[in-house]
Amino acid sequence: MPNTQNTHQVKAADSGAVYSPRLCNEDLAPTRDQNWSWYNIFSFWMSDVHSMGGYVVAASFFTLGLASWQVLLCLLVGICIVQLCANLVAKPSQMAGVPYAVICRQAFGVFGANIPAVIRGLIAFAWYGIQTYLAANALMLVLLKFWPSLSSLTQGSLFGLSHLGWLCFATMWILQAMVFWHGMSAIKRFIDIAGPAVYVVMLALAGWIVYKTGFDGISFTLASKSLSAGEQTWQMITATALVVSYFSGPLLNFGDFSRYGKSMGEIRRGNRWGLPFNFLLFSIVTVVIVSGTQSLFGRMITDPIETVSRVGNDLAVAIGLLTMITATIGINIVANFVSPAFDFSNCSPQKISFRTGGMIAAVGSILLTPWNLFNSPELIHYTLDVLGAFIGPLFGILIADFYLIKRGQVFVDDLFDDTPKGKYWYRNGFNPKAIGALVPSVAVGLIISFIPALHEVANFSWFIGVLLGGITYRWLAREERAVVTTSHFNTNVAAQKE
């Protein structure tokens, strides 16, 4: 991934247009390397799914009191919605070859795009610290299992974290930074390996569980309660919504990765294998393992690290735990490192490169002290809910603008034009209509988050935000609906590659 910062105007390769240095650097400019195949997109989603968080989420759906077929139906419907949304959000970035922050200039204006960019960057900022801490905590458990003498380093603490905790956190922080520092090509190679590696461990662990318990010890219904027909219906709807909400973060900035896709056909194929097929298979394997722990250890264990640590063979334990940690690094990089790298770079292209943007998030994750956030679940709950209230409306506005207002067109050169002649200049570089749609939509999401009586509705906040943001923006911008321009007559219009 190029990251050289230019202090002069950047010339577009194809059109001969000159891009403003206030809006462009080598990282934000349309990529010339659209070489990601369906397998790379498939691996991207594997890295998102194959994590400790994904493991716990998949297992939790089978404890709702639903029959196994009902749970699988919820998972399938929810992940198909994610697949549809991923295809929608991928298209403009793939056509133009630009990341999420840049494509947002269409709707919010060339400078107004910093609003959604910073919001998404802050969400990734918070989650990056949390995921790094969870991976570090897993690493600490591994070290204590094999070297119990290290327990002396857990006695003292510095800023709320033990000395061993700091060593583990620093190790995970450096490992992630090393992968990220080598750019998108290194990230692509890493996720191509990390996702499949977890499947090997998961299938081996499931095989070991079945060998120990027999097929009679496996149940696809983990619930200890029965529900009425009405309660089952509500739980199914809620579970479907939770699947979509879980993927809403990486879904929003999927354009950061789809920009490298060879064609939309390749991206759709990668989404199809990486989402419905992969998520359902992962969920089934997860349930086999979790259900088997009930029979094998007398209680249901939803932490994959603890399950792997109970395997008798030390070498198998070491390989399994290190693979799980690798998977967590994978999801953290693709979901929480790449996004702020582009988002913060978008704010000041000549001062903040892709690498610098990512390192801002990495350093900020230390200052956030995520271990202290975990001591106050209420604080982290409200922090993430507030940030999450923005995701739905941002997605809705982006989709409504591209498909309903711009009618599937991207004028690439105008994304980097900071003069009033540019199509995305609007009013001093800001689009008041997009901002006007965002504010009330987010306000509704915040109200839902902070009123206890609306707690059950909060599970649907992403859908509510998408509808409110999209419909409000479509109405406000109704008079700006574009006339379709054929790219044959205007080389500035990005063309879709199938």
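1. Helices (H or I, at least four residues) and strands (E, at least two) are taken here as DSSP runs, numbered from the N terminus. On that basis, the chain contains 20 helices and 4 strands. The model under review is predicted.

2. Where contacting residues in the chain lie at least 6 apart in sequence, 83% of the contacts join residues at least 24 apart.

3. The largest nonpolar core comprises 142 residues, and the members that touch the most others are Ile 187, Phe 254, Phe 395 and Leu 415. Helix H8 (residues 184-213) supplies the largest share of this core, namely 13 residues.

4. Leaving aside residues up to four places away in sequence, Phe 254 touches Ile 41, Phe 44, Trp 45, Ala 86, Val 89, Ala 90, Ile 267 and Asn 271.

5. A helix pair may be examined next. The axes of helix H6 (residues 114-146) and helix H16 (residues 354-367) are 8 Å apart, and the two helices pack at an angle of about 55 degrees.

6. On the H6 side, the contact is formed by Phe 125, Tyr 128 and Gly 129, while H16 contributes Ile 360, Ala 361, Ala 362, Gly 364 and Ser 365. Classified by type, the contact of H6 with H16 has 5 nonpolar and 3 polar residues, with no charged residues.

Definitions and conventions
Residues numbered from 1 in each chain as written. Predicted model: local features only at pLDDT ≥ 70, side-chain atom pairs only at ≥ 80, totals over all residues. Heavy atoms only, no water. Core = buried A, V, L, I, M, F, W, Y, C linked by side-chain atoms within 4.5 Å. Buried < 20%, exposed > 50% of the residue type's maximum accessible area, 1.4 Å probe, protein only. Contact = heavy atoms within 4.5 Å. Axes fitted to C-alpha atoms, helices over the stretch in contact; angles between N-to-C directions. Nonpolar A, V, L, I, M, F, W, Y, C, P; charged D, E, K, R; others polar.
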